[in-house]
Amino acid sequence: MSNQNPYSKAASAYVTQATATDQRSLEGTVLLQAAQKLEDLVIRLEKGEEVKLEEIGSTLTHNRKLWELFINDMTNPDHVLPQELKNNIASLAFFVFKRTQEILVETQPEKFHALISINRSIAAGLMKKVPGSSPSSQNPSAETAGTDSLA
């Protein structure tokens, strides 16, 4: 992991605090970590390093599973987000699934960039402080702990 990368620094800074902060920050941290793993693969591939398909598959599967949690949460009719935002998140998730398959079929470093960008953009939004919220006021239920604050 490069110490020069601001996203890597952000992910590292939040990892130690994730358990002490709210659900949104935790989700953002996890997305940043997944983006960093994807970027590490891209760097290695661009250098011409041989990366085993199992490693690529494992990293992509981890990222896909995160997005599966998000989409599963969006299908909950009791979720507090507006339907339009739920639809947008679902659309992003389906794009992530499609791009993941494309990468597995034909692994090219440039195909990873969209996944990295999406993860980082969503993470940035999740990690912003919401006015009037505090970590103690956001105590998600066990059923929706994975993504109930995704916004």
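I'm working on a predicted model here.

Next I checked Trp-67. Trp-67 is buried too, at a relative accessible area of 1%. In helix 3, Trp-67 and Phe-70 sit three residues apart, so about one helical turn separates them.

**Aromatic pairs**

How many aromatic pairs does a search of the whole structure find? I got two. One is Trp-67 with Phe-70, an edge-to-face pair with 5.1 Å centre to centre and 85 degrees between the planes. Phe-94 and Phe-97 make an edge-to-face pair as well, with 5.9 Å between centres and 85 degrees between planes. I looked up where Phe-94 and Phe-97 lie: both are in helix 4, three residues apart, about one turn of the helix. Phe-97 has a relative accessible area of 18%, which is under 20%, so I noted Phe-97 as buried.

**Helix 4**

Then I did a length check on helix 4, residues 83-105. With 23 residues at 1.5 Å a residue, helix 4 should span 33 Å, and its end C-alpha atoms are 33 Å apart, so the two agree.

Which residues of helix 4 are buried? My list reads Lys-86, Ile-89, Ala-90, Ala-93, Val-96, Phe-97, Arg-99, Thr-100 and Ile-103. I also wanted to know what covers the buried residues of helix 4: the cover includes helix 3 (53-74) and helix 5 (109-127).

Methods:
Residues are numbered from 1 along each chain as its sequence is written. This is a predicted model: local features need pLDDT of at least 70, side-chain atom pairs count only at pLDDT 80 or more; totals for chains, interfaces and linings use all residues. Side-chain values use heavy atoms; hydrogens and water are left out. Helices (H or I, at least four residues) and strands (E, at least two) are DSSP runs, numbered from the N terminus. The expected span of a helix is 1.5 Å times one less than its number of residues. Buried means under 20% relative accessible area, exposed over 50%, partly exposed in between (1.4 Å probe, protein chains only). Contact means heavy atoms within 4.5 Å. Rings of Phe, Tyr and Trp (its six-membered ring) pair if their centres lie within 6.5 Å; planes under 30 degrees apart count as stacked, over 60 as edge-to-face and the rest as tilted.
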